[in-house]
Amino acid sequence: MTRKESQAEPGTTAPEKAPKGAAASVQSVDRAVSVLEILARLGEAGVTEIADELDVHKSTAFRLLGVLENRGLVGQAKDRGKYYLGAGVLHLAGAAAVRLDISQEGVPVCRELADELGETVNIAILDDDVAVNIMQARGSASVTAQNWLGRRTPLHATSSGKVLLAHLPSALREGLLARPLARFTPHTATGTASLRAELEAVLDQGYAVAVEELEVGLAAVAAPVFAHDGKVIGAISASGPVYRLTEEHLPELAKRTVAASTELSRRMGYGF
């Protein structure tokens, strides 16, 4: 007896009842992923082929393909009726590849900068409306510093976040600035006008600074990392306690951080 949704013949066992609720949702997700795997293996396939592979009725396969097509994950060759993997899969794979590449290429750059400065160095990327730290290196002076790896931080209150925010398309940036901005310390900038001015300065000078805006006692400087197409794909930052990263030391810290970001951008193909 297969899982196909056919009527049972007299004298045979009745077909298994379809799962309900959460079980049905999990089964649908599992089948949708299976469709993508089938198309990745076959290159293209029709509804009948996919239904046979999944051991389901053609109507079920057609519904799954319709959902995936609406999300851009599969496409259909109208002249042949065959389905294939869509551009949406490429976008997902590309995003994963960029994240993997920047973290791999950033290892030697971060370690060198951390050794040079003695401070904590991080690479962060944009994830919706926050910055996510995907790579970290610690200098000799930051042995007891907290672990930022994997931490999601607000864009408006961190140096990396300001870099990522400043380089967003204006419409998207304004949409994020229009949201209520949380205040983490007395130094957190939550006014839209002041943030706009600061973001313009980030674009002009090539780096961002955050002093006690996320945590009291913490200062940081960040610079953008560019991909081969000129888009900003991340930010590299150096952070440490304010008693070491004083106002007098920040310009030199920014200079070295920008140099590191330039090197990482070169490794990512920028400038070629």
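Predicted model: local features only at pLDDT ≥ 70, side-chain atom pairs only at ≥ 80, totals over all residues.
Modeller: Contact here means heavy atoms within 4.5 Å. By that rule, residues 24 or more positions apart account for 54% of the contacts in the chain with a separation of 6 or more.

Biologist: What makes up the chain in terms of helices and strands?

Modeller: There are eight helices and eight strands in the chain, taken as DSSP runs numbered from the N terminus (helices H or I, at least four residues; strands E, at least two). Of the 272 residues, 40% are buried.

Biologist: Take Thr257 as an example. Why is Thr257 called buried?

Modeller: Buried means under 20% relative accessible area, exposed over 50%, and partly exposed in between, using a 1.4 Å probe and protein chains only. Thr257 has 0% relative accessibility, so it counts as buried. Thr257 sits in helix H8, residues 250-267. Beyond residues up to four places away in sequence, Thr257 touches Leu113, Val221, Ala222, Ala223, Ile236, Ser237 and Ala238.

Biologist: Now to helix packing. Why are H5 and H7 called roughly perpendicular?

Modeller: Helix H5 (residues 159-166) and helix H7 (residues 192-205) pack at about 85°, with axes 9 Å apart. Axes are lines fitted to C-alpha atoms over the stretch in contact, and angles run from 0 to 180 degrees between N-to-C directions. Angles of 65 to 115 degrees count as roughly perpendicular, so H5 and H7 are described that way. From H5, the contact uses Lys162, Val163, Leu165 and Ala166, and from H7 it uses Glu198, Leu199, Val202 and Leu203.

Biologist: What classes of residue make that contact?

Modeller: Six are nonpolar, none polar and two charged. Nonpolar covers Ala, Val, Leu, Ile, Met, Phe, Trp, Tyr, Cys and Pro; charged covers Asp, Glu, Lys and Arg; the others, Gly among them, are polar.

Biologist: And how do you know how H2 lies against H3?

Modeller: Helix H2 (residues 47-54) and helix H3 (residues 58-70) pack at about 105°, with axes 8 Å apart. That makes H2 roughly perpendicular to H3. Val47, Thr48, Ile50, Ala51 and Leu54 of H2 meet Lys58, Ala61, Phe62, Leu64 and Leu65 of H3. By class, eight of these residues are nonpolar, one is polar and one is charged.

Biologist: Asp55 lies in the loop between H2 and H3. Why is Asp55 called partly exposed?

Modeller: Asp55 has a relative accessible area of 22%, so it is partly exposed. Its phi is near 65°, a positive value in a residue other than glycine. Most residues other than glycine have a negative phi.

Biologist: What about Asp128, buried or exposed?

Modeller: At 60% relative accessibility, Asp128 counts as exposed. Asp128 is in the loop between S3 and strand S4 (130-138), and its phi is also positive, at about 65°.

Biologist: Last topic: how many cavities of 30 Å³ or more does the whole structure have?

Modeller: The search finds one. A cavity is a set of points on a 1 Å grid over the protein atoms alone where a 1.4 Å probe fits but cannot get out, and lining residues have an atom within 4 Å of a point. The largest cavity has a volume of about 210 Å³, the space filled by probe spheres set on the points, which are joined across faces, edges and corners.

Biologist: Which residues line the largest cavity?

Modeller: The lining has 19 residues, with Trp148, Thr158, Ser159, Leu218 and Ala220 nearest the centre. By class, eight are nonpolar, eight polar and three charged. The largest share, three residues, comes from S7.

Conventions. Residues numbered from 1 in each chain as written. Heavy atoms only, no water. Parallel < 35°, antiparallel > 145°, perpendicular 65-115°, else oblique. 1 Å grid on protein atoms, 1.4 Å probe; cavity = no way out; pocket = protein on both sides within 12 Å on 5 of 7 lines; lining within 4 Å.
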